[in-house]
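Have a look at the picture, then go through the points below.

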Amino acid sequence: MVSNEVNQYIENLIPARSEHVDRMEQFAKQHDIPIMELSGIETLLTYVRLKKPNTILEVGTAIGYSATRMALACETAKIISIEKDEERYNIAKENIKALHLDDRITLLLGDANELQSQVAHYAPYDFIFIDAAKGQYQNFFEHYSSMLSQEGMIITDNVLFRGYVVDGSGIESRRRRALVRKINTFNQYIMQHPDYHSIILPVGDGMMVSIRKT
Ligand code: SAH
Ligand code: MG
């Protein structure tokens, strides 16, 4: 990943956001909600603008920050977003309503491991964004990549996990070491996947971009 100084430099150049977006960013900071980092969200939005998806599936809504920003970045996109935490789901609902995006963003409350049939209802998806429990990325990928449209793109966040995937020797907690192992397995699995071309961008917390081989 890039140094803090370089990241700071990049983030300082990013234009100010609207008042409501700014409020969501402040709220997330105050309540320790892991919304995308600035350089990460801007990268995601660039791909959304390029791709102009009609349908987006998001795994991990939190308070609706990335969902609303994707909706605002692409006026034609309809978004299905999954969140298992009821409190966050409710806050996301309010944010979506305040931005008048309720007709384009549908929230599903529940565990993304159990919602395949509901999610399939709105398939295929032109764009899938995975940003939930890191230990389960492989499951999410397997559940939902079959719902990707032929020209679709999948972006997976946090694949470099603060750099721990490179050097996990300093990690005290066993749970975290296991998590790092899982992310490493996922990264190897996707990078070698016969059906996808993938890259890992050292942006934000590490973003994997995958497109189907044609
Ligand atoms: N994409 C959001 C941030 C998501 S944070 C943004 O950038 O604005 C990750 C979210 O995933 C958390 O709110 C967490 O509750 C949720 N999550 C974790 N595991 C999940 C699962 N199995 N199913 C659904 N949501 C999950
Ligand atoms: Mg993330």
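1. A residue is near a molecule if one of its heavy atoms lies within 4 Å of it. Around ligand 1 there are 21 such residues, with Ser66, Glu83, Arg88, Ala112 and Asp131 the closest.

2. Before going on: this is a predicted model, where local features need pLDDT of at least 70 and side-chain atom pairs count only at pLDDT 80 or more, while totals for chains, interfaces and linings use all residues. Residues are numbered from 1 along each chain as its sequence is written, chains are lettered from A and ligands numbered from 1 in the order written, and side-chain values use heavy atoms, leaving out hydrogens and water.

3. What touches ligand 1 through N or O atoms within 3.5 Å? A polar side-chain atom of Arg88 sits 2.8 Å from one of the ligand 1 oxygen atoms.

4. Now the magnesium ion (ligand 2). Its protein donors (N, O and S atoms within 2.8 Å of this metal) are Asp131 (OD), Asp157 (OD) and Asn158 (OD1), at 2.1 to 2.2 Å. Their spacing in sequence reads D-x25-D-N.

5. Buried or exposed: which is Asp157? Asp157 is buried because its relative accessibility is 5%, under the 20% limit (1.4 Å probe, protein chains only). Asn158, at 13%, is buried as well.

Methods:
Polar contact = N/O pair within 3.5 Å; in protein donor to acceptor, adjacent residues only side chain to side chain. Donors = N, O, S within 2.8 Å, 3.2 Å for Na, K, Ca; no water. Buried < 20%, exposed > 50% of the residue type's maximum accessible area, 1.4 Å probe, protein only.
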